[in-house]
Amino acid sequence: MKKTSKEPQANPEKEQRPFIVSSSHLASPGQEDVSEFEFALTVVNHAFQRWVARGMASAGLPELSPLDALILHSVNHRNRSKSISDLMFTLNLSERHYLNYAMKKLDELGLIVRIRRGKEVFVGATKKGQEYCEKYASIRRTCLLELMPADRQVGDVAIREVAKALRVLTGLYEQASRSAASL
């Protein structure tokens, strides 16, 4: 006589793994994936900032914060000077004093130059600033880009698709931020 089991058989495709979240109170039922995304975003943000700071330190600028370095790279982008408004918009900065503080430091280090055109101030990278950006790019190729999968896939998703999704999510978080400000 064959014994039958009354217990349901596990289906590995339907099994749910526990969500990885930073705080259970933020993992609303049915919305756990958003909490998992936010935790992953927090962790990757800190890893990215640590990388930028250490990459610039390896290039010879240990005194730069991640924001300082990102501003320098933005100013150096395409070898064209940028207005303060352009920098604020491109880097999605909402507080001008962060930009001013970083530019003061970059200016004192001789990495940027400020140019006044009419009432507007434009910022460009000096030769020294460009050289440090190139050193960083070389270190990035060696330390980071060589780690990237040849097929540019992470978790079975193309990196460019991840970037596209992050741009969409940026809009959602911006809208939520505006809504929260009106509460």
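A surface patch, as the word is used here, joins residues that have over 30% relative accessible area and no salt bridge, and nonpolar side chains belong together when they lie within 5 Å. In this predicted model, Leu41, Val44, Val154, Val157, Val162 and Leu166 form such a nonpolar patch on the surface, and together they have about 410 Å² of accessible area. Helix H1 (32-59) and helix H6 (159-181) are the elements that give two or more residues to the nonpolar patch.

The buried residues of H2 are Pro66, Asp68, Ala69, Ile71, Leu72, Ser74, Val75 and Asn76. After H2 comes Arg78, a residue whose phi is positive, near 60°.

Further along, helix H3 spans residues 84-90 and contains Met88. Met88 has a relative accessibility of 15% and therefore counts as buried, since the limit for that term is under 20%. When its neighbours within four places in sequence are left aside, Met88 is in contact with Leu93, Ser94, Glu95, Arg96 and Leu99. For Met88 and Leu99, the separation is 11 residues in sequence, while in space they are 7.5 Å apart, from C-alpha to C-alpha.

Key: Residues numbered from 1 in each chain as written. Predicted model: local features only at pLDDT ≥ 70, side-chain atom pairs only at ≥ 80, totals over all residues. Heavy atoms only, no water. Patch = residues over 30% accessible without salt bridge, like charges linked within 9 Å, V, L, I, M, F, W, Y side chains within 5 Å. Areas by Shrake-Rupley, 256 points an atom, 1.4 Å probe, with all protein chains shown as cover. Salt bridge = Lys/Arg side-chain N within 4 Å of Asp/Glu carboxyl O. Helix = DSSP H or I, 4+ residues; strand = E, 2+ residues; numbered from the N terminus. Buried < 20%, exposed > 50% of the residue type's maximum accessible area, 1.4 Å probe, protein only. Contact = heavy atoms within 4.5 Å.
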